[in-house]
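Please keep the sequence and the model open while reading.

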Amino acid sequence: MSTSKRKLFISLAFWLFLFFMFFNISNYFQPVKFALIRALYNISSIVFMYYLTIWFLFPKYYSKTRRYFIISLFIIIILGILFYLGDAYLLSALNESHHEAPPIQFHLSRFIINLTFTFFVATSISLIEQTTRLQENEKVLTEEKLQTELKLLKAQINPHFIFNALNNIYSLTYMKSENAPDSVLKLSEMLRYVFYDCAKDRVPLSAEIKYIENFNAFQNMKSGFSQNISMKININPGSTEIAPMLFIPFIENAYKYSRIEEIEDAYVNISIEAINKRVHFVIENSTPEKSKSNSGSGMGIENVRHRLLILYPEKHSLNIIEEKHKYIVDLKLET
């Protein structure tokens, strides 16, 4: 059963229940025919007030709270008087029992109290529905924003890096190096991961590590000397999955600010552990004096911080430590 049909069914069931309750009360004092008429009249006044509130008063005036309650109070009093007059002069004419009519203040206050109670119930229900809609909309917007950020992050895979990789492959091919075919294969794997695998919400940790290994290999091709890049992996064979591209901005940041392509004694050390659904990522890089003040200021890092807050709320810890000649990122995840 759809949500709208279920809501309609519940509403009809509730109004029928209320109608029979009014009927039983009236039938205790009045004949069946008149009790049915009075029950129908009473339920009509409540239904009218309920839908007037949720379809007109609440959407139109609730944003201005004070005006909402003032206008609603005025309408309740007017409707209370009108329903009282209908009850006193129209329904009473149909009453064959000739019981003495209750005092005016009793009849009038009964309608006003019923309408006021109905108004507050309708307002409460409208508030709950409004809050639920806002939460759902916020969730959708958050998910859309996250997907947009992920796409932007993918787009941030430096085109300059890819062009450099292609140039390096061209050079290797031109020199007929034995490494050329392997380099083409690595680049192909990286592009496949970025454009296809990362379209998913989660990727195997092993796939992310494979991308990082290829990334490191191409990074080493950027200089004439062997760069000091180390990578330690300790993961359980299993199906550990993470959000894609979480580690890459930290690695790019480490390469950028360590100036590892220019300085021979610069270093980048990467460690990834995954044990019992807990992932521990640590990256440490050297920081020459000129680049130290800029470490960690990249937009990609803020992107990752925000993604972590959304994807791993209360299930992650991110510590960034900046010391005199080194920079450390320590990230822990519960997957």
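## Basis

Helices (H or I, at least four residues) and strands (E, at least two) are DSSP runs, numbered from the N terminus. This is a predicted model: local features need pLDDT of at least 70, side-chain atom pairs count only at pLDDT 80 or more, and totals for chains, interfaces and linings use all residues. Residues are numbered from 1 along each chain as its sequence is written, and side-chain values use heavy atoms, with hydrogens and water left out.

## Helix 8 and its end

Helix 8 spans residues 248–258. Nine of its 11 residues are buried (under 20% relative accessible area; exposed is over 50%, partly exposed in between; 1.4 Å probe, protein chains only). Among them are Ile 248, Pro 249, Phe 250 and Ile 251. Tyr 255 and Ser 258 are also buried.

Arg 259 sits in the loop between helix 8 and strand 4. Its relative accessible area is 27%, so Arg 259 is partly exposed.

Ile 260 lies in the loop between helix 8 and strand 4 (267–275). Ile 260 has a relative accessible area of 0% and is therefore buried. In sequence, Ile 260 and Ser 226 are 34 residues apart. In space, C-alpha to C-alpha, Ile 260 and Ser 226 are 9.9 Å apart.

## Helix packing

Two packed helices are described by the angle between their axes and the distance between the axes. Axes are lines fitted to C-alpha atoms, for helices over the stretch in contact, and angles run from 0 to 180 degrees between N-to-C directions. Angles under 35 degrees count as roughly parallel, over 145 as roughly antiparallel, 65 to 115 as roughly perpendicular and the rest as oblique. A crossing is left-handed if the near helix is turned anticlockwise from the far one by less than a right angle, and right-handed if clockwise.

Helix 6 (residues 180–195) and helix 7 (residues 205–220) have axes that come within 10 Å and cross at roughly 135°. Helix 6 and helix 7 are therefore oblique to each other. Their crossing is left-handed. The axes of helix 7 and helix 8 come within 11 Å and cross at roughly 20°. Helix 7 and helix 8 are therefore roughly parallel. The crossing of helix 7 and helix 8 is right-handed.

Ile 212 belongs to helix 7. At 0% relative accessibility, Ile 212 is buried. Ile 212 and Phe 247 are 35 residues apart in sequence and 8.5 Å apart in space, C-alpha to C-alpha.

## The cavity

On a 1 Å grid over the protein atoms alone, a cavity is a set of points where a 1.4 Å probe fits but cannot get out; lining residues have an atom within 4 Å of a point. Grid points are joined across faces, edges and corners, and a volume is the space filled by probe spheres set on the points. The count comes to one cavity of 30 Å³ or more. The largest cavity holds about 30 Å³ of space.

Its lining consists of Phe 250, Asn 253, Ala 254, Tyr 257, Asn 285, Tyr 327 and Val 329. Helix 8 and strand 7 (326–334) are the elements that give two or more residues to this lining. Helix 8 supplies the largest share, four residues. The lining divides into five nonpolar, two polar and no charged residues. Ala, Val, Leu, Ile, Met, Phe, Trp, Tyr, Cys and Pro count as nonpolar, Asp, Glu, Lys and Arg as charged, and the others, Gly among them, as polar.

Conventions
1 Å grid on protein atoms, 1.4 Å probe; cavity = no way out; pocket = protein on both sides within 12 Å on 5 of 7 lines; lining within 4 Å.
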